[in-house]
Amino acid sequence: MTIVLLEVRPLTRAVFAPFGDVIETEGAQLRLINNGTTERYHDLAKVDVTGEGARVLVNIFRGQAFEPPIDIVMLERHPLGSQAFIPLQNRPYLVVVAEDARGRPGKPAAFLCGGNQGVNYGRDVWHHPLISLEERSDFLVVDRGGEGNNLEEFFFDDVVYRIEKLAV
Ligand SMILES: NC(=O)N[C@@H](O)C(=O)O
Ligand code: NI
């Protein structure tokens with residue numbers, strides 16, 4: 001079994017663009033509403049649901065905390081909908097994604113996300129299930145419900161991608 005170390009980079013809209021959206025106020029389109037008493041950070045993520053009976057689900061995921069070394073042995077994707085994770089307790093977390101390479105994930109990319117940053121995985125984008133850090137953490141999750149199979153998993157058979165350091 002080959003072990004490949006993954007570098008962890010800070011999450012920015014630019015680096016994450018091939019995989020989806022970053023949900024944060026930084027750099028967002030700001031609109032003053034409610035007679036100037038509220039700042040609306042507008043249109044941050046594309047929620048995409050498709051297939052029979054598709055509907056948008058709003059959930060809370062309470063994820064156990066992981067600490068390095070973190071081994072990435074699989075990735076998953078949701079062919080029928082996007083999936084957004086918004087941290088509710090202002091704690092950092094880890095996101096691991098990959099571009100598709102003829103039906104399987106390419107080399108993963110790892111990003112350290114701030115507690116003020118959410119992510120929205122585009123529909124059918126390879127990603128690792130939730131990786132909370134420091135403490136068990138709650139996330140608001142917006143994803144797809146409805147008929148059909150919305151989960152495809154891929155287990156790497158000859159390589160483990162290892163995250164040893166979170167410091168960027
Ligand atoms: N299975 C499930 O709802 N969670 C995963 O999709 C995930 O990305 O955490
Ligand atoms: Ni998922």
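Two strands pair if DSSP finds at least two bridges between them, and strands themselves are DSSP runs of E with at least two residues, numbered from the N terminus. In this predicted model, isoleucine 86 stands opposite leucine 140 in S18. Residues are numbered from 1 along each chain as its sequence is written, and chains are lettered from A and ligands numbered from 1 in the order in which they are written. Local features need pLDDT of at least 70, side-chain atom pairs count only at pLDDT 80 or more, and totals for chains, interfaces and linings use all residues.

Q: How do you know that strand S10 and strand S18 pair?
A: DSSP must find at least two bridges. S10 (residues 83-87) and S18 (residues 137-145) are joined over four bridges, in the antiparallel sense.

Q: What makes strand S3 and strand S6 edge strands?
A: The open sheet has five strands in the order S3-S15-S10-S18-S6, with antiparallel pairing. S3 (20-23) and S6 (55-63) each pair on one side only. From one strand to the next, the twist averages 15°.

Q: Why is aspartate 143 called buried?
A: A residue is buried if 20 or more other C-beta atoms lie within 10 Å of its own, exposed if 12 or fewer, and partly exposed in between; C-beta atoms are placed from the backbone. Aspartate 143 has 22 such atoms, so it is buried. This residue is found in strand S18.

Q: Why is leucine 130 called partly exposed?
A: Leucine 130 has 18 C-beta neighbours inside 10 Å, so it counts as partly exposed. It lies in the loop between strand S16 (126-127) and strand S17 (131-133).

Q: Which residues does leucine 130 contact, leaving aside its neighbours within four places in sequence?
A: Contact requires C-beta atoms, placed from the backbone, within 7 Å. On that test, leucine 130 is in contact with Phe61, Gly63, Phe85 and Phe139.

Q: Which residues are around ligand 1?
A: A residue is near a molecule if its C-beta atom, placed from the backbone, lies within 6 Å of it. Gln83, His127, Pro129 and Leu130 are the residues around ligand 1.

Q: How do the residues of that shell divide into nonpolar, polar and charged?
A: Ala, Val, Leu, Ile, Met, Phe, Trp, Tyr, Cys and Pro count as nonpolar, Asp, Glu, Lys and Arg as charged, and the others, Gly among them, as polar. The shell holds two nonpolar, two polar and no charged residues.

Q: Why is strand S11 called largely enclosed?
A: Six of the six residues of S11 (residues 93-98) are buried, so the rest of the structure largely encloses this strand. Tyr93, Val95 and Val97 point one way, and Leu94, Val96 and Ala98 the other way. In a regular strand the side chains alternate between the two faces of the sheet.

Q: Which antiparallel partner does S11 have over five bridges?
A: That partner is strand S14 (residues 109-113). Within S14, cysteine 113 is the bridge partner of tyrosine 93.

Q: What makes strand S4 hardly covered?
A: Among the five residues of S4 (residues 29-33), the count of buried residues is zero. Five bridges join S4 to strand S5 (residues 38-42), and the two run antiparallel.

Q: How confident is the predictor in the chain?
A: pLDDT is the predictor's confidence in each residue, from 0 to 100. The chain averages 97, and 99% of the residues score at least 70.

Note on methods: Contact = placed C-beta atoms within 7 Å. Axes fitted to C-alpha atoms, helices over the stretch in contact; angles between N-to-C directions.
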